[in-house]
Amino acid sequence: MENYRILPLRENLWAISELEKTVMYVINGRDRVLLLDTGFGTVPLRRVVGSLCGDKPVVVVNSHAHPDHSFGNNQFGCVCVG
């Protein structure tokens, strides 16, 4: 059983619900992808984002540093915190 659901919101915009407790957002841009928050860290985000958006660079931004928004940061080399 998967611990996440991908919810298409509109063209090039998805929500990823993790453990039914937190939500991350993926915005597919022309040249790169914006991932807003990385959740608890139980979702293989690189693979999931790649399956949605292809091989583009991913820019990761945390809305804030609580564990339910930032524990998946270790899956990425650079993360910005708002």
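In what order do the 6 strands form an open sheet? The order is S1-S2-S3-S4-S5-S6, and the pairing is mixed. Two strands are taken to pair if DSSP finds at least two bridges between them. The edge strands are S1 and strand S6 (79-81), each of which pairs on one side only. From one strand to the next, the twist averages 20 degrees. The model is predicted: local features need pLDDT of at least 70 and side-chain atom pairs count only at pLDDT 80 or more, whereas totals for chains, interfaces and linings use all residues. Residues are numbered from 1 along each chain as its sequence is written, and side-chain values use heavy atoms, with hydrogens and water left out. Helices (H or I, at least four residues) and strands (E, at least two) are DSSP runs, numbered from the N terminus.

Strand S5 (residues 58-62) pairs with S6 in the parallel sense over 3 bridges. Within S6, Cys 80 is the bridge partner of Val 61. Helix H1 (residues 45-53) lies across S1, strand S2 (13-18), strand S3 (22-28), strand S4 (33-36) and S5, and runs at about 40 degrees to S3. Axes are lines fitted to C-alpha atoms, for helices over the stretch in contact, and angles run from 0 to 180 degrees between N-to-C directions.

Leu 35 is found in strand S4. This residue counts as buried, at 0% relative accessibility; buried means under 20% relative accessible area, exposed over 50%, and partly exposed in between (1.4 Å probe, protein chains only). Contact means heavy atoms within 4.5 Å. The C-alpha atoms of Leu 35 and Val 59 are separated by 6.1 Å, although the two residues are 24 residues apart along the chain.

His 69 lies in helix H2 (residues 67-70) and is buried, with a relative accessible area of 14%. Beyond residues up to four places away in sequence, His 69 touches Thr 22, Asp 37, Thr 38, Gly 39, Asn 62, Ser 63 and His 64. Asp 37, in the loop between S4 and H1, is likewise buried, with a relative accessible area of 4%. Its phi is positive, about 75 degrees, although Asp 37 is not a glycine. Most residues other than glycine have a negative phi. A positive phi, near 55 degrees, is also found for Glu 20.

The structure holds 2 salt bridges, a salt bridge being a side-chain nitrogen of Lys or Arg within 4 Å of a carboxyl oxygen of Asp or Glu. In one, the side chains of Glu 20 and Arg 5 meet at 2.8 Å, N to O. This pair links distant parts of the chain, with Glu 20 in the loop between S2 and S3 and Arg 5 in strand S1, 15 residues apart. Glu 20 is exposed, with a relative accessible area of 56%, whereas Arg 5 is partly exposed at 41%. Asp 31 forms a salt bridge with Arg 30, the closest N and O atoms being 3.0 Å apart. Here Asp 31 counts as partly exposed at 45% relative accessibility, and Arg 30 is exposed at 74%.
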